[in-house]
Amino acid sequence: MFQHLNENIVAEIAEHNRKALETYIDGLVSFSGRVRLTGPQDRETLWSEHILDCLYSVPLLPQEGDIIDVGTGGGLPGMVWAICRPDLHITLLDSVKKKCVALEELSGLLHLKNVTIICSRAEEFALSRRETFSLAGARAVKGAGVLLEYLSPFVAQGGKALAFKGPLYKEEIEPLAGQEYRLGLSAPDIFYYSLNGKEHFLLTWQKKKPCPKEFPRKTGMAEKKFWWR
Ligand SMILES: C[S@@+](CC[C@H](N)C(=O)[O-])C[C@H]1O[C@@H](n2cnc3c(N)ncnc32)[C@H](O)[C@@H]1O
């Protein structure tokens, strides 16, 4: 499936949550110089390139259940999900301690009750929360192949893995074509939208079958020896 995402829906979600999203931006800006949570840290870029980008994924979130943002950094997209979907529980996962400390502060600033922050490598946390999330997603974390080894072990059957990608996504998914089943996944559905004149893509994979126990392999292996080769 290849589908266009409607910017009017995103504008509505943005308007509905504007106050909390701006408080989140205030929080991100307040960390500049202390912890590098995002690339550019001016309010306008944070809103137009980061928050709006994350908002495009909100219509793809599940009706219910726990979801996880793997490699959340400063909380993108997980903090945006938590603000826009207070009915879902969001786990924000990152391996860098000072980012996790900053996320605790941001979550307190926003009075979020639906967030858990975990400081761990994805490969290690998957051992304790295997196949318990209705969605596992990530933005700006590894190429699609390596990322799927991180995401699929978290996703319950019937759930989905989600990745934010730029126009080069085709080069990432081509070598995986027809092999996604090895991680229990379907072929990807592709959603596209335009932001600031650039093409953006959201890829989702349905979890069809359990992910074989051998995945994820030991920390670091996903990048050393690709599972699809
Ligand atoms: C480029 S940043 C992206 C952060 C955020 N998702 C965003 O869009 O701004 C990648 C993040 O992934 C985290 N990360 C990379 N590999 C990881 C792993 N195996 N387990 C947990 N976190 C990981 C890094 O610490 C970093 O914060």
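The protein chain of this predicted model has a mean pLDDT of 97, and 100% of its residues reach 70 or more; pLDDT is the predictor's confidence in each residue, from 0 to 100. The model scores ipTM 0.99 and pTM 0.98. Local features need pLDDT of at least 70 and side-chain atom pairs count only at pLDDT 80 or more, while totals for chains, interfaces and linings use all residues. Residues are numbered from 1 along each chain as its sequence is written.

Around the ligand there are 18 residues, of which G71, G73, S95, A122 and R139 come nearest. A residue is near a molecule if its C-beta atom, placed from the backbone, lies within 6 Å of it. By class, this shell holds seven nonpolar, six polar and five charged residues. Ala, Val, Leu, Ile, Met, Phe, Trp, Tyr, Cys and Pro count as nonpolar, Asp, Glu, Lys and Arg as charged, and the others, Gly among them, as polar. At least two residues of the shell are supplied by each of β3 (89-94) and α6 (122-128). Helices (H or I, at least four residues) and strands (E, at least two) are DSSP runs, numbered from the N terminus.

Helices α2 (residues 18-30) and α3 (residues 43-55) have axes that come within 10 Å and cross at roughly 120°. Axes are lines fitted to C-alpha atoms, for helices over the stretch in contact, and angles run from 0 to 180 degrees between N-to-C directions. L21, I25, L28 and V29 in α2 meet R43, L46, W47 and I51 in α3, contact requiring C-beta atoms, placed from the backbone, within 7 Å. This contact of α2 with α3 has seven nonpolar, no polar and one charged residues.

Notes:
Two residues are in contact if their C-beta atoms, placed from the backbone, lie within 7 Å.
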